[in-house]
Amino acid sequence: MIITDRESNIQIVKSTLSNVINSLSNNMLSYGLGLMLLSQTNSAISFGIEMIIAPAVGVLFVIPIGNLVDKYKHKTVLIVSSLVRILFLVLFILSIDHFDGLYKMIPVIPFVAVNAICANISTITYTASVHELVHPEKIQRLSSLTNVANSFSNIFAPVLGVSLYAIFGFDIFILIGILSTSIAFLIMLSLRFHYQTKETSNNGKEEPFSQIQDFKEGINYIKKRKLIIDIIVISMFLNFIFSSMNIGIPYIIETELHIGTKPIGYLNTSNAIGLLSGSLFMNFFPAKKGTFFKIMIPVFSLGVEVLLLGTLFQNMDQLFSITLYGGIVSFFIGFSLAIIEVNNMVYLQKTITTEFLGRVMSILTTANRALLPIGSLIYTFLFDSIKFGPYIFMGNGILCMAFGLLVFPRLLKSVKKDHLFIKEHN
């Protein structure tokens, strides 16, 4: 069934509105949860509880989630996931005030785990269903606007989170979560999914280890297309490098430069604005050509930008100069990351067979999220061990450029082979 441009535009508006509501409320809830646990436990792990649980849950459930998304109709999966999240939000607000201090972890840990599962299911299902919502020519617009929604929430969630927490306390975030999830749920119900394959069923007679066997089929599909492997590897590498910014920027500014915490917020905001701008840029950039260059040019530019950020930290120690020049570099880092992310997501959504899309996205999402805590631990050790933190940024920039040179010929071959593969199987 052909999806018209008019219907695509309506679906884009609805999807973007739903993404903004969900992303903003989820980030605010996460921020509010960290503030509440910090005041109750006086432990720095409060802000890292989700960073620990979410990747662990992602790794544990990567196989069933990937199979689930590919086996059942996407709208059905999204409905169940949303209803489960609303249920656990209600249970959370009914139970959280019955615990104090460290005992707050008793209701928090199960909620964070279930919330992470629901978030993984919803994210992967939505990503796998984009081509069922809009015309193929509109996929890049929808993907870029999805990134815009996430970047928008990254900019405003901390500000709103701090303000609301100071006035109303933590429970307001759960109430907002229930309301926003309910609104996003109603919007999602109004979306029309144009299914290309029928829901599969084994009449309840699943063979032993069928979950693993089904997932192996997805892995075998990936093996046939080397470009998908390259995209996953590049995404993992960049996520690992980016984790150095989460650890390094606050450490260098606060511990080595001693210029206060304000520049940290400015640089993080500049990065989020760069992500938003890059996503908007991809909304107007031609989607048909330049797959290779849309990956390689941002990879090299990221290397230059990270190297430049390290050089700035090495040679500047004034509040104004770090805020101004560091903010400009952080903006372009975000801009480059957005181009790679939107391009990769659009290419995968357009070219992967529908029956395998959920499993591929599950692998990609889990691999990226799993590397963030690992990267954070490694860079925490490095910044504690090496006295001159800017050298780590400079080394990361050189490493990123070297990585680009290393994957350059392989990626060029993979793109050509993948285009031939797509032609042969269409």
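Predicted model: local features only at pLDDT ≥ 70, side-chain atom pairs only at ≥ 80, totals over all residues.
User: How many helices and strands are in the protein?

Analyst: Helices (H or I, at least four residues) and strands (E, at least two) are DSSP runs, numbered from the N terminus. The protein has 14 helices and zero strands. Its pattern along the sequence is α-α-α-α-α-α-α-α-α-α-α-α-α-α.

User: What is the radius of gyration of the protein?

Analyst: The radius is taken over C-alpha atoms, and the globule rule is 2.2 Å times the number of residues to the power 0.38. For this protein the radius of gyration is 22 Å, close to the 22 Å that the rule gives for 426 residues, so the protein is as compact as a globular protein of that length. The C-alpha trace spans about 60 × 60 × 45 Å along its principal axes.

User: At roughly what angle do the axes of H2 and H13 cross?

Analyst: Axes are lines fitted to C-alpha atoms, for helices over the stretch in contact, and angles run from 0 to 180 degrees between N-to-C directions. H2 (residues 49–60) and H13 (residues 354–385) cross at roughly 140 degrees, and their axes come within 9 Å. H2 and H13 are therefore oblique to each other.

User: Is the crossing of H2 and H13 left-handed or right-handed?

Analyst: Left-handed means the near helix is turned anticlockwise from the far one by less than a right angle; right-handed means clockwise. H2 and H13 make a left-handed crossing.

User: Which residues in H2 meet H13?

Analyst: Contact means heavy atoms within 4.5 Å. From H2 come Met51, Pro55, Gly58 and Val59; they meet Thr366, Arg369, Ala370, Pro373 and Ser376 in H13. Ala, Val, Leu, Ile, Met, Phe, Trp, Tyr, Cys and Pro count as nonpolar, Asp, Glu, Lys and Arg as charged, and the others, Gly among them, as polar. The H2 contact with H13 has five nonpolar residues, three polar and one charged.

User: At roughly what angle do H2 and H5 cross?

Analyst: The axes of H2 and H5 (residues 105–133) cross at roughly 50 degrees and come within 9 Å. H2 and H5 are therefore oblique. Their crossing is right-handed. Ile49, Glu50, Ile53, Ala54, Val57 and Gly58 are the H2 residues in this contact. Their H5 partners include Met105, Ile109, Val112 and Asn120. The residues of this H2 contact with H5 divide into 10 nonpolar, three polar and one charged.

User: Does Ala338 count as buried or exposed?

Analyst: Buried means under 20% relative accessible area, exposed over 50%, partly exposed in between (1.4 Å probe, protein chains only). Ala338 sits in helix H12 (residues 319–351) and counts as buried at 0% relative accessibility. Beyond its neighbours within four places in sequence, Ala338 contacts Asn147, Leu275, Gly278 and Ser279.

User: With which residues is Ser243 in contact?

Analyst: Ser243 belongs to helix H9 and is buried, at 0% relative accessible area. Neighbours within four places aside, Ser243 contacts Leu372, Gly375, Ser376 and Tyr379. Ser376 also meets H2 from within H13.

User: Where does His258 lie?

Analyst: His258 is in the loop between H9 (226–256) and H10 (262–284). His258 counts as exposed at 60% relative accessibility. Its phi is positive, about 55 degrees, although His258 is not a glycine.

How values were computed: Residues numbered from 1 in each chain as written. Heavy atoms only, no water. Parallel < 35°, antiparallel > 145°, perpendicular 65-115°, else oblique.
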